[in-house]
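Here is a walk through a structure that may be new to you. Keep the 3D view open and follow along.

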Amino acid sequence: MPDENEPELVREAQRGGLEAFARLVRLHRRAVLACLAVRMDSPNDAEDLAQEVFIVAHGKLAAFDPGRPFGPWLRGIAHNLLLNYRRKYRPAAVGHLVELQAVADQGIDQAHAAGGEEGLLGAMEGCLEKLDPESRDLLRLRYGESLPVGEVCARLQKKHSAVTMWLHRVRLALRDCIERRMAESSP
Amino acid sequence: MSDPELSELLRRYFSAELDEAGVALLLERCRRDPAAARALAELTRVERALAWRHAGRGGETFVNEVLMRLGPERGKASGFVRAVLDRVRPASPRRWIAVAAAAVLLAVLGAAALWRIGEGPRPLDARVVEARGEADLLRRGGRLEARDGLDLVEGDALRTGADGLCEVRYGEGTRVRLFAGTEARFARDREGQRVELKTGSLRCDAAPQAPGRRFAVATPHAEAAVVGTLFEISASRTETRLHTLQGAVRFAAGGRSVEVRDGALSTADARGLRSWEPVCDLDFPAMRSLPAEMEAVFCPTSALHTPSRRVVPAPDRVVLEPRGLGFVNRPGDEKNHGLVVARLREEVGDDAVVEATIAGGAPWTLGLSVAGDSFEGYRAIFVATAENSGITVDSIWPVEVAVLSRSDQSISYDRDRTLRLEKSGRRIRVWVDGDLRIDAEVSYPLSEKRRKTAALSNFGGPPTVRSLRVWKRPAP
């Protein structure tokens, strides 16, 4: 998120102003998080890595040119940390599943080569509001409480196939809604 | 979605219901149809966004955690105090009040950080049920002493020191036991629970998993996926070793996977996967006599290094005692002293793994042999006495001792030790308690006529052998 005082905040942070740095973190937190969250399976890992982005940025702040935009610089750090994370935590290529995930990651990287992840998360919020209450409850159980599908079935007293089909339809509906909203908001 | 087949594949993929063939089919679709690849990417994005949206921490928590993490590294606590002071801008006589206020604020933030270490946002339904010795919980940059009853959250790691041990139990019954010198991270992915073993060894007793779910242990080299089984897995800098104790484990690395069944062993490293099938797993304290698959033989010192070397049966020179298998030798008595060997009757081939556990408490020496018995094959001689300590790889075929490799790193006899000798092609490796001591290429020629078996041997300083496990290469 650009800010008219950003260069001044950066200069102040470079002089050791932690308050100014905290302000920069607040300004860019969501964009950095969104950039990582759509590229990582674990949201907690995405949050931890996003924190790491700001820790690294703070360490390199002295070398940063305040005349340049801060967001793309953070994004570059995020991409480098993500590469390291993948090298460290992904097992050696195992079967087709890893290849399939690589196809998905490649598609996401292409779609967000120029950013826009934050807009995607914003669009999703709007789309979630449009869902019927039952579907929102389904998502709460599956993602909010992290229940396996089997337990979701037990809670909702529905068959396994019915729940997986329902989840699939909700995902498709969200996808279409998000695409539509992002297209509408693009210049 | 207008393509019913693709839609069904994607539904099953995101429900973790696709088997290997289904995954291959979906991959093939994505490779030849850009629309399919796009649909996969878009739905993956939705899936991750949903997970993040439901798990995300509050904005100020995030900012505070970043500031706290900056704290200890650059005197940042004092930097933060300064930031607070800058805000307060007190008149000089009252500055101490502001300092006190900042200190209180820091204490509150510190307490908040510690509180966050104690409770995480996404529980794993897994709990530490036993922690002994040096055992730490690593959570989001913080460290806590691991203790019984601690609930784990996604991303937690447990680390055990040289004398540490830690056991985790999942709600569905799975138990994961971290042995000494181990670090593992606990996570969950789309298909189920996941443990990422960074280094060391663990034993996993996986309970049967719900349909479409699996329990996985991943290492830097490989991944083991199970649905209900007992296995041990260890990871070092260069290699992962999996030993299935009960059931079957799907072990995958480098694009290839194998099923490792009861008793079998598999290793994965940069050269790929290697499988070993069990030959024997002998627990000597439970036995009253030498098992049928083994025989004891002897050659006196006077003839051992002569062309007239003669090996004779010696059933009374290997004894089974309550603590394990022992050797009867008589150092100093020329007729009765010599090389006592307990060898497998069966041929196991050129390549094999031999592993023995030795009781601690008294000095000992022991030889393990592969590609032949202790007279004809390659030997690893382990010495753990007050005077000497170390390992020598050698052969006494045909007459004299030919030393092939050595390790002077000491072995203490204060506690039980697990010794392992592995020959794979020309490569011979030797471990003590999972610590690689010798890694050597050998080209020393052995007899063409030898019996390619495996053996234990003793020349003095008798050991008490608690167990012996041997694996061989599976038939092609």
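Start with Leu368(B): its bridge partner in S31(B) is Leu456(B). The two strands involved are S24 (residues 364–370) and S31 (residues 455–458) of chain B, and they pair in the antiparallel sense over three bridges. Keep in mind as you look around that this is a predicted model.

Those two strands belong to an open sheet of eight strands in chain B, with antiparallel pairing. Its order reads S19-S18-S22-S31-S24-S25-S26-S27. Which strands stand at the edges? They are S19 (312–313) and S27 (402–407) of chain B; each has a single partner strand, so one side of each is left without a neighbour in the sheet.

Now go to the S27(B) end. Strand S26 (residues 389–395) of chain B runs antiparallel to S27(B), and five bridges join them. Thr392(B) has Arg406(B) as its bridge partner in S27(B). To get from S26(B) to S27(B), the chain makes a hairpin through six residues.

## Strand S28(B) and its two partners

Next up is strand S28 of chain B, residues 417–424, which is mostly covered, with six of its eight residues buried. One of its partners is strand S23 (residues 352–358) of chain B; S23(B) and S28(B) pair in the antiparallel sense over seven bridges. Look for Glu355(B), which stands opposite Arg420(B) in S28(B).

S28(B) also pairs with strand S29 (residues 427–432) of chain B, again in the antiparallel sense, over six bridges. Here Leu419(B) has Val432(B) as its bridge partner in S29(B). The hairpin of S28(B) and S29(B) has two residues between the strands, and Gly425(B) takes a positive phi near 65 degrees there.

## Around Val176(B)

Is Val176(B) buried or exposed? With 23 C-beta neighbours inside 10 Å, Val176(B) counts as buried, because the cut-off for that is 20 or more. You'll find Val176(B) in strand S7 (residues 175–178) of chain B.

Who are its contacts, leaving aside neighbours within four places in sequence? Val176(B) is in contact with Glu167(B), Val168(B), Val195(B), Leu202(B) and Cys204(B). Take Cys204(B): it sits 28 residues from Val176(B) along the chain, yet the C-alpha atoms of the two are separated by 4.5 Å.

Helix H1 of chain B covers residues 4–14, and its buried residues are Leu9(B), Leu10(B), Arg11(B), Tyr13(B) and Phe14(B). Just after H1(B), Ala16(B) takes a positive phi of about 60 degrees.

## Chain A, helix by helix

Over to the other chain. Of its 187 residues, 37% are buried. If you take the contacts in chain A between residues at least 6 apart in sequence, 66% join residues at least 24 apart.

Helix H2(A) deserves a look. There is a kink of about 50 degrees in H2(A), centred on His28(A). H2(A) is also largely enclosed by the rest of the structure, because 14 of its 20 residues are buried.

## Where the chains meet

How many residues of chain A are in contact with chain B? The count is 56, and they touch 67 residues of chain B. On the chain A side, H2 (18–37), H3 (43–59), H5 (95–111), H6 (117–130), H7 (133–144), H8 (149–156) and H9 (160–185) each supply at least two residues. The residues on that side divide into 33 nonpolar, 13 polar and ten charged.

For the model, the scores are ipTM 0.90 and pTM 0.53. Chain B averages a pLDDT of 84, and 87% of the residues score at least 70. Two stretches of chain B call for care. Over residues 72–103 of chain B the pLDDT is below 50, and this stretch has 27 contacts in the model beyond near neighbours in sequence. Residues 105–121 of chain B also have a pLDDT below 50, with 16 such contacts. Where pLDDT is low, the predicted coordinates should not be read in detail.

Note on methods: Residues numbered from 1 in each chain as written. Chains lettered and ligands numbered in written order. Predicted model: local features only at pLDDT ≥ 70, side-chain atom pairs only at ≥ 80, totals over all residues. Buried ≥ 20, exposed ≤ 12 C-beta atoms within 10 Å, placed from the backbone. Helix = DSSP H or I, 4+ residues; strand = E, 2+ residues; numbered from the N terminus. Pairing = 2+ DSSP bridges. Contact = placed C-beta atoms within 7 Å. Nonpolar A, V, L, I, M, F, W, Y, C, P; charged D, E, K, R; others polar. Bend = angle between axes of the 7 residues up to and from the residue. pLDDT = per-residue confidence, 0-100.
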